[in-house]
Amino acid sequence: MMTRNNTGQTRASARNGNGEAPAKAKVKAPAAGKARSIAPVDLPKYESIALMLQGGGALGAYQAGVYQGLDEAGIRPTWLAGISIGALNTAIIAGNAPEHRVARLREFWETICQPAFGPPLPPFVEHALFNSTDTVRRAFTAMQAMGAIVEGQKGFFVPRFPPPLPTVSGSPQTASYYDTTPLKATLERLCDFDRINARELRVSVGAVNVGTGNFAYFDNTRMTLRAEHFVASGALPPGFAAVEIDGEYFWDGGLMSNTPLYEVVQTTPRQDTLAFQVDLWSALGPVPDSITDVQGRMKDIQYSSRTRLVTDMLQRSQRFRHVLREVLDRVAPEHQDDRWCKVAEDLACSKRYNVIHLIYRQKEYEGQYKDYQFGLSTMREHWDSGLEDIRRSLAQPGWLALPDNDAGFVTHDIHRDAR
């Protein structure tokens, strides 16, 4: 069973005879084959539980599946951080009561995975085409991606008419091929922004200031968040226009950094943190042998490499801080007032970080359009993949434990560790 302390942080209710948190999380192991729904877990005493959601368009349904798995295991994040489609999922989660979040996520995804204007295919027809031969499935999903380009997606974006002319100036808010006004309306319908700004959870979404080129995080601990902040985080040009917020214009945060990991781990004061990093682009993949596949592989490398770089950098940095803390603890009392020891105290850190990576793996039928192919059947498959990956991850012995290595920092990845 999960309980909350007086700050609203989720923690485990189980304690040993000394009143201490258990050293390892306990989970019910899944049966052979696919992982099944698991019982709620008992977590060690983490000070922060972060869910970090990367950008990736239509692939974002994978993140919704991950959240469903966390919800069924009784793990309630205390900090949600998202970029692009991850920011939209963040809004849906943070903007609803815990018991309604999964249902609201499903409503959001089932809405935006329909055509903007024309009627959707009858469910039995879509199911038959999607589950036909590989050739039919590829053709069908490519057709759906083309539909997103031509028509847009319900409750998300629609083409501008007339389309913008390349050399004609106008407002920055209309300098794009699509209009995201429907997205703002969808978020306002499905999210309670009073709840988001009540700070029950910390919420951070990343964007890029178009005028300065600087990265910015919209954070409910520092400002009042509105639908515009989340739309701005997903305003990828030239498809989507910059969003005006308090006199400045912002684009999709993925232009500069597609992962919120650095923001979460480097925040001060530092805390013992369990972080679920949900990525939609895999660094691993086949060498492309066609121009179309080259375009898709470029996206994988471009958006996944920053996650790997940031993770490696943070792990090395925390190892230095952790080792320095251990050394300072061994300094004789008469030397602890030394000037250099005081400087070292500011740099040292004994906090521990456990980062669990959940990385979407591309399916055989997916092409370079996978981030804007919003078919219902594809969405459900992405969702199920995320749910399966988090269930398998939570079932691994010791994966939720506080790190006890010299770095005070560990990472886990169900796909990497299974190889």
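Visitor: Is Arg319 buried, exposed or partly exposed?

Guide: This is a predicted model. Buried means under 20% relative accessible area, and exposed means over 50%. Arg319 has 38% relative accessibility, so Arg319 counts as partly exposed.

Visitor: Which side chain meets Arg319 in a salt bridge?

Guide: Asp406 does, at 3.0 Å from N to O. Asp406 is partly exposed, with a relative accessible area of 42%.

Visitor: How many salt bridges does a search of the whole structure find?

Guide: The search finds 22. One of them joins the side chains of Asp337 and Lys342, at 3.6 Å from N to O. Asp337 is exposed, with a relative accessible area of 63%. Lys342 counts as partly exposed, at 44% relative accessibility.

Visitor: Which residue forms a salt bridge with Arg361?

Guide: Asp413 does. Their closest N and O atoms are 3.8 Å apart. Arg361 lies in the loop between strand 12 (353-359) and helix 12, while Asp413 lies in strand 13, so the pair ties together parts 52 residues apart in sequence.

Visitor: Is Asp413 buried or exposed?

Guide: The cut-off for buried is under 20% relative accessible area. Asp413 has 5% relative accessibility, so Asp413 counts as buried. Arg361, at 22%, counts as partly exposed.

Visitor: Which residues do salt bridges that share partners join into one network?

Guide: Lys184, Glu188, Arg226 and Glu228.

Key: Residues numbered from 1 in each chain as written. Predicted model: local features only at pLDDT ≥ 70, side-chain atom pairs only at ≥ 80, totals over all residues. Heavy atoms only, no water. Salt bridge = Lys/Arg side-chain N within 4 Å of Asp/Glu carboxyl O. Buried < 20%, exposed > 50% of the residue type's maximum accessible area, 1.4 Å probe, protein only. Helix = DSSP H or I, 4+ residues; strand = E, 2+ residues; numbered from the N terminus.
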